[in-house]
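This report describes the overall dimensions of a chain and the arrangement of one of its sheets.

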Amino acid sequence: MIAGNLVVDARTGRRTTWGELADQAAPRSAPTAYVVEHSVDALPAVAALEDGGEMLVVASARLDDSLAEELRAAGFDLAAGDDVQAATSPRTAEDGRVWLLTSGSTGRPKRVGHTLASLSTVTGELAPRTWLCPYSPGTYAWWQVITLGLGVPGQDLVLVDPADLDDWLAPALEHGVTAVSGTPTFWRRTLMRHGPELGKLPLEQVTLGGEPVDQPVLSQLSEAFPDARVSWIYASSEVGASIVVHDGRAGFPEEWLDRDVPGRPRLSVVDGELVITSPHHGTDASGAEMAGAVRTGDAARIEDGRVLVTGRLDRDELNVGGSKVSAGSVRDLLQSHPDIAWASVRGRKAPLVGTMVVADVVAGPGSTVSADDLTRWAAERLPEYAVPRRIKMLAEIPAKETLKSDV
């Protein structure tokens, strides 16, 4: 632990250090799931983890009765402030074990086991930076930013709760934020809401991941922050941070496929699916390591020398009257329209053809583009069967607490 690194609570402006946080909590002898309303509430327990204990952090908004009982049955005490509900199947803590809950995009959230070491994937020296952390407590992305502040010298943190993200720019300016990590949805909402105001923020590092990353959002961020390095990261609870790209282009170079480099993940594309063998892998709920080649469930295609990760495999491939359509490819096309800030594409049951392509879109500020305009534009660039038959114009980009926009 880097005791002198700063932590700032954006809600209150309170500034503290990791050393001071470590003095606020003692390790518990039982495995504990810390249920927190605000991101900063989890940090004393995180700071104390180096002294032992087994923990999981979950936002109170994510904890329904079913998940609470599942965790208690798995041996976790539930601690919400001073209120502690004992595990229904008590067991001894495994010192140093950190549990994450997946985003639940494929169903119920799953538990994945890590340690502080497996979560800390940054190697080498970093320039001093002040990071904005906007993620939901306990998610993999949250831990990635938290472990930067916990273990890398000169990396201070400003914590903003997901519920307060529409107004994050003011505290970022107040506390000297120079680096921000967020999902593409977070960044698209930010670009729409704050526009030219973003030029006041002297960012040195812009990071995005957690969802498919296309060229328009990368280009917009490079324009908004000309002095920043713009990076996208592919990471998951199961395989850790596996792909990091700094060249400002969507996808990663095709020559990275099937390379064996000590200490680095091995990347492959098998039958259109991204497959990763990672040294940063976690364990499943039983403690079995997720080693070896892991099928990620993410669709990937090779185009112009780049490997593009387009979305979840079970949602990406649509069968329209016997013709295959990539929902991710249609989404990327719509988002390349100069007046479109965001798009989501999916299939809907239809007579005769079985499935038809439909889309939800959000137009950029000041745009007058209509659904009919967009349909005609798409028809000039897509095969007839891939053109969205229904386009719904939304007023704003939808976002969940995970900063993703599943609609």
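## Overall composition

The chain contains eleven helices and 24 strands, where helices (H or I, at least four residues) and strands (E, at least two) are DSSP runs numbered from the N terminus. Along the principal axes, the C-alpha atoms fill a box of roughly 65 × 45 × 45 Å.

The model is predicted: local features need pLDDT of at least 70 and side-chain atom pairs count only at pLDDT 80 or more, while totals for chains, interfaces and linings use all residues. Residues are numbered from 1 along each chain as its sequence is written, and side-chain values use heavy atoms, with hydrogens and water left out.

## Burial

Of the 407 residues, 54% are buried (under 20% relative accessible area, 1.4 Å probe, protein chains only).

## The eight-stranded sheet

An open sheet of mixed pairing is formed by eight strands in the order β2-β1-β10-β9-β11-β12-β13-β14; two strands pair if DSSP finds at least two bridges between them. The edges are β2 (15-17) and β14 (240-245), each with a single partner strand, so one side of each lacks a neighbour in the sheet.

Within this sheet, β9 (residues 129-133) and β11 (residues 179-182) pair in the parallel sense over two bridges. Leu132 has Val180 in β11 as its bridge partner.

Note on methods: Buried < 20%, exposed > 50% of the residue type's maximum accessible area, 1.4 Å probe, protein only.
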